[in-house]
Amino acid sequence: MADIELLPHNVPSHSELPELVEELTTLNLGPTHPATHGIFQNILKMDGEKIVSGEQTIGYIHRAFEKIAERRPFYQITTLTDRMNYCSSPINNLGWHMTVEKLLGVEVPKRAQYIRVLMMELARITDHIICNSILGVDTGAFTGFLYVMQKREEVYEIYEEVCGARLTTNMGRLGGMERDLSSTAIRKIKEFIKSFPPVLRELEKLLNRNRIFMDRTINVGPISAERALSYGFTGPNLRAAGVDYDVRVMNPYSSYEDFEFDVPIGQNGDTYDRYMVRNEEMWQSLRIVEQAINNLPEGPYYADAPEYYLPPKDEVYRNMEALIYHFKIVMGEIDAPAGEVYHAVEGGNGELGFYLISDGGRAPYRLHFRRPSFIYYQAYPEMCKGSSLSDAILTMSSLNVIAGELDA
Amino acid sequence: MLTNQEVAEGLLEKFGDQVFNFEEPYGLLTLSTTREEIIPVMEFLKDHKNYQVIFLTDITGIQYPDNAGQEFVVVYHMHSFVHNFRIRIKVAIPEADIHIPTATGLFASANWMERETYDFFGILFDGHPNLKRILNIEEMDYFPMRKEYPMEDATREDKIDALFGR
């Protein structure tokens, strides 16, 4: 009988097994992952599907705006501001103009203020529809996104009519607007007021009480009011946590005190509340737009400040003073008074502040932007700690971090 | 409604000559203090039941290269939501000893604001948990917002500053 070699019976006993090491996986989320909504990186430590800790790396699109601004005349800084939060650039542009007007002591006429409010609220709507519909995309509902993009397109057409550009708008001038609202612009705004509510209602029907959407967002990425305040949250993200702070109400600028609107607040500060607050804010913005267009005052659309506001072109050809002012303004030779100003506006993501120090020169001595995204994004690891990766994506999406604003 | 006068008096009573240079540019109460007192001043404003300045809006730096002994200024903007009251606090520090205590113990948001200030001006926040560059690359060996680094090449002759801006 042939020797049958048995399989060696040397399976190690339990005590001889190598000890199991609890090893964490490091996951690089970004900088170019589509779900990050911009160029920034999160280095996540994962225990299976759960996030143990995270660290953000930002600065990939830092463009040194504060340094560039120190060499530019005031009107050329406007183009820097709209590259910060590019989802609602008119708010940045007009906020910057208001800051400089505060420094120069220029009183802007009512009509210009109302046009500004109009444009800023339209910008808020575009900002929020992007955020909310992208949140839908991240939960798996692509339809709503493409559908509301059509409406954003209509707002961009209004921008085109008002300032000539779509994304980086460079809207308004120091002392007012660059042109009056044209009849086309008024018609388009009125059409938008009529056509937007049904679309928004349909987006609401798609998401608000959707079982899947609610399961994915309720209690995801919550933050308490106390922590949110400590982390410097502002805007919809703070209001979702239950603090009713809105710059438009607390420090009204550009005639916001003339308008009637509500400030929606949430309770839990979770993803669903942030979604709902933004959703309701769009209705309120629409209310403001409606009031502004119906009560648009008559009168000039720019301030009587010839040393800061470009004269009409035909005046430049016929009038000596106008020619001089035109030359001085275009060459950036207006001398601003020395002083320091902090001016805040309610941007798409919260309190957008401009801290401007002028030493009496032609460019700011120092300009600092308080960018809301930059300040609240540092809370992200705390908010997604212990949650799964797919929930962390939703948390980031609902925070509406805009890479341009993050890095400036 | 809290007035600038009220808060200024309260601070003077508590801190005496450690708070000085009171101003009201464009209605915003501005004052200076020393780096030893900055954290107590902020804590006082935050915890005092009449003020409740619980929100840190912003931290940033400024450089005045010609102010010998006070080349750098750290500026804090704070906000009380309860009273809708804003305040700006400045601390001047010398370039030779460029240190200031961190505010991260009081406000979580101070973390990145201070990192940004360090990144651009090289101001060292003592006690900061993670003081390293945030927007610039970590290998950078200078602080770009300082005035000794001009925006453009100073040797260029085709642009005359006297004619075209600064």
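**Helix packing and chain contact in a predicted model**

Mentor: Helix 4 of chain A passes helix 11 of chain A in a left-handed crossing, a term for a near helix turned anticlockwise from the far one by less than a right angle, with clockwise giving right-handed. Helices (H or I, at least four residues) and strands (E, at least two) are DSSP runs numbered from the N terminus. This is a predicted model, in which local features need pLDDT of at least 70 and side-chain atom pairs count only at pLDDT 80 or more, while totals for chains, interfaces and linings use all residues. Residues are numbered from 1 along each chain as its sequence is written, and chains are lettered from A and ligands numbered from 1 in the order in which they are written.

Trainee: How are helix 4 of chain A and helix 11 of chain A oriented to each other, roughly parallel or roughly antiparallel?

Mentor: The axes of helix 4 (residues 110–139) and helix 11 (residues 271–294) of chain A come within 9 Å and cross at roughly 155 degrees. Axes are lines fitted to C-alpha atoms, for helices over the stretch in contact, and angles run from 0 to 180 degrees between N-to-C directions. Angles under 35 degrees count as roughly parallel, over 145 as roughly antiparallel, 65 to 115 as roughly perpendicular and the rest as oblique. Helix 4 of chain A and helix 11 of chain A are therefore roughly antiparallel.

Trainee: How many nonpolar residues are in the contact of helix 4 of chain A with helix 11 of chain A?

Mentor: Residues are in contact if their C-beta atoms, placed from the backbone, lie within 7 Å. Residues of helix 4 of chain A, including L118(A) and I125(A), meet residues of helix 11 of chain A, including M282(A) and V289(A). Ala, Val, Leu, Ile, Met, Phe, Trp, Tyr, Cys and Pro count as nonpolar, Asp, Glu, Lys and Arg as charged, and the others, Gly among them, as polar. By these classes, four residues of this contact of helix 4 with helix 11 of chain A are polar, four are charged and the nonpolar ones number 15.

Trainee: At what angle do helix 5 of chain A and helix 6 of chain A pack?

Mentor: The crossing of helix 5 and helix 6 of chain A is left-handed. These two helices of chain A are roughly antiparallel to each other. Their axes are 10 Å apart, and the angle is about 165 degrees.

Trainee: Is N170(A) buried or partly exposed?

Mentor: N170(A) is found in the loop between helix 5 (143–163) and helix 6 (183–207) of chain A, and its phi is near 50 degrees, a positive value in a residue other than glycine. A residue is buried if 20 or more other C-beta atoms, placed from the backbone, lie within 10 Å of its own, exposed if 12 or fewer, and partly exposed in between. Because N170(A) has 19 C-beta neighbours inside 10 Å, it counts as partly exposed.

Trainee: Which element of chain B gives the most residues to the side that touches chain A?

Mentor: The contact takes 29 residues from chain B and 36 residues from chain A. On the chain B side, strand 3 (55–63) and helix 3 (110–121) each supply at least two residues. With six residues, the element of chain B that gives the most is strand 3.

Methods:
Two residues are in contact if their C-beta atoms, placed from the backbone, lie within 7 Å.
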